[in-house]
Amino acid sequence: PGILFIRNSSRHDKVENCVIRSPQSTDQGKGSTQVYMYSKNEANRNSDYFTLKDCLIDGGLIGVNLGGTAYVSLPVQEGGHIAGNTFVRQGSKAIYVSAERDFVIENNTVISEGGTTNSFWAIDINMSRGDCEVRNNTVTMRNPVSSAHGLYLRCNSEDSMKEGRHRYYNNEINISGINSAVTGMRFNNNLPNTEFAHNTVRLRGENANSNGIYFSGTLPGGLFANNIVQNEAGGTVYNVNRQTYLDHIAMRDNICHTTGSDFAYVGGSLSFDEWKEAAANDSGTVSEPTTFLSDNILEPADEGSLKICIPVGFVDTDLNGTKRDNVHPTAGAYEYTLSTIAPAMAEGFPRFKSVAHNSAVMETASTLTGTLHYCVLRTDEDAPDAEMIMNEDLHEELRKGRTASITLAGLRPNTEYAVYCLLTSLRGINSEITRSVPFTTTYIPPTPATFEEARTEDNR
């Protein structure tokens, strides 16, 4: 079943700024897909050029199922665009793509806090013909189940993939609380013309069977370069199913680290030095831990060896939109910067939506990644100082260039309020205190009368 059901050649449909919500489900037979696409196995029944943008997709078994008919002899659905959405509380998969060509998955946020099936995959893509770009997405998983994957890639036809380029870059996969065989990225099958560049994968927890990257196939004509892969759960950086696969995977300038005793597994356990001998097509890989400015946002704290990379032509900016160095860009999803600039509210923010009698929704955005500290006061109260704002313990992590919504609760009816904001960068640099434009809560809505309460003179 689907909450939003798209079918019958519904081309060029766009769903934007919507909330699609249902209870989280782990029932593989009856669980809902929040946005579900279906095409009959007939020619020209696909729903091409579908867009899902800036929506909150909450709950269900699967967040979005993008794809059309899978019959090889029929035209493949094309042009899907999944952009700027937030996926939370899915039971099995947040984003699932199958039988789709020329699609883009970008700027999405996937958050999983557990309670899922035993095979939760944040992004699952069964690749097909044409081009695809999967970029600038963030996946945060806490306390994952036994076979969780941040990104899972596969294909039904190696030959069909040779028609296009398939690019995955500037993605952040951050998995913590690991106590089972979790994998950051898994690649099944041979995936021709598939390129992975400037992604950051971090695993934390305790399980020696965890893998940063798992290869069960090769990347013919592809590339795995300029990535950070860090396994702090005691497992391997790489698990390669066969030595023959490793012989056909072009790799370069990746920054890798494991807290475990084995750097990789290729038919047997390998140290880093043994990996370098076995991986003839891996050049420039460095075994070195990366320190991050935050456990939740994986911007690097120190340069280290991160700027050994050679530019990849299709990656001009990082996950924050910062221009990449055109000589030696930083490995991973973010460019390294030793910034001393204070963050500020983006133009037009904060702004208020859905103002009710006891609450309001505040939208915020920052010029730099960091933390917003805030307090809500009546306009007839004295303005707070920085210490007072910090003591309120109201805060929200903000990513540069992305809008966040905060619900302000516990307000009085028919009262004018203002919000005082203090931004702190990931390097601890504070902004000036800013005051929002005032907003006024509504009156308490009247309680509607019911027929049961109505009385007449004769039946009092």
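Ser 9 lies in the loop between β1 and β2, where strands are DSSP runs of E with at least two residues and helices are runs of H or I with at least four, both numbered from the N terminus. Although Ser 9 is not a glycine, its phi is positive, about 60 degrees. Ser 9 is partly exposed, with a relative accessible area of 23%; buried means under 20% relative accessible area, exposed over 50%, and partly exposed in between, for a 1.4 Å probe and protein chains only. The model is predicted: local features need pLDDT of at least 70, side-chain atom pairs count only at pLDDT 80 or more, and totals for chains, interfaces and linings use all residues. Residues are numbered from 1 along each chain as its sequence is written, and side-chain values use heavy atoms, with hydrogens and water left out.

His 198 also has a positive phi without being a glycine, with a value near 55 degrees. His 198 is found in the loop between β22 (194-197) and β23 (200-205), and counts as buried at 1% relative accessibility. Another backbone feature is the cis peptide bond that joins Phe 349 and Pro 350, with omega about -5 degrees. Pro 350 is placed in the loop between β33 and β34.

Next come the sheets. Two strands pair if DSSP finds at least two bridges between them. An open sheet with mixed pairing is formed by 11 strands, in the order β1-β4-β7-β11-β15-β18-β21-β24-β27-β30-β31. At its edges stand β1 (2-6) and β31 (269-270); each has a single partner strand, so one side of each is left without a neighbour in the sheet. Within this order, β21 (residues 183-188) and β24 (residues 211-216) run parallel and are joined by five bridges. Thr 183 has Asn 211 as its bridge partner in β24.

Another open sheet has 10 strands with parallel pairing, in the order β2-β5-β9-β13-β16-β19-β22-β25-β28-β32. Here β2 (14-16) and β32 (282-283) are the edge strands, and because each has a single partner strand, one side of each is left without a neighbour in the sheet. Strand β28 (residues 251-252) runs parallel to β32 and is joined to it by two bridges. For Met 251, the bridge partner in β32 is Asp 282.

How many salt bridges are there? The count comes to 27, where a salt bridge is a side-chain nitrogen of Lys or Arg within 4 Å of a carboxyl oxygen of Asp or Glu. In one of them, Arg 89 and Asp 58 have their closest N and O atoms 2.7 Å apart. This pair links distant parts of the chain, 31 residues apart: Arg 89 is in the loop between β10 (86-88) and β11 (93-98), and Asp 58 is in strand β6 (residues 56-60). Arg 89 is partly exposed at 36% relative accessibility, whereas Asp 58 is buried at 7%.

Lys 276 and Asp 273 form a salt bridge with a closest N to O distance of 3.7 Å. Both residues lie in helix α3 (residues 272-278), three residues apart, about one turn of the helix. Lys 276 is partly exposed at 47%, and Asp 273 is exposed at 51%.

The side chains of Glu 335 and Lys 307 meet in a salt bridge at 3.8 Å, N to O. Glu 335 is buried at 7% relative accessibility, and Lys 307 is partly exposed at 22%.

A nonpolar core is a set of buried Ala, Val, Leu, Ile, Met, Phe, Trp, Tyr and Cys residues joined through side-chain atoms within 4.5 Å. The largest such core has 67 residues, of which Leu 52, Phe 215, Phe 224, Tyr 238 and Trp 275 touch the most other members. Strand β15 (residues 121-127) provides the largest share of this core, four residues. A second, separate core of 19 residues includes Ala 360, Ala 365, Leu 372 and Ala 404.

Finally, the cysteines. The whole structure has zero disulfides, a disulfide being a pair of cysteine sulfur atoms within 2.5 Å. For Cys 55, the nearest cysteine sulfur is that of Cys 18, 4.7 Å away. Cys 55 is buried at 3% relative accessibility. For Cys 309, the nearest cysteine sulfur is that of Cys 256, 11 Å away, and Cys 309 is buried at 0%.
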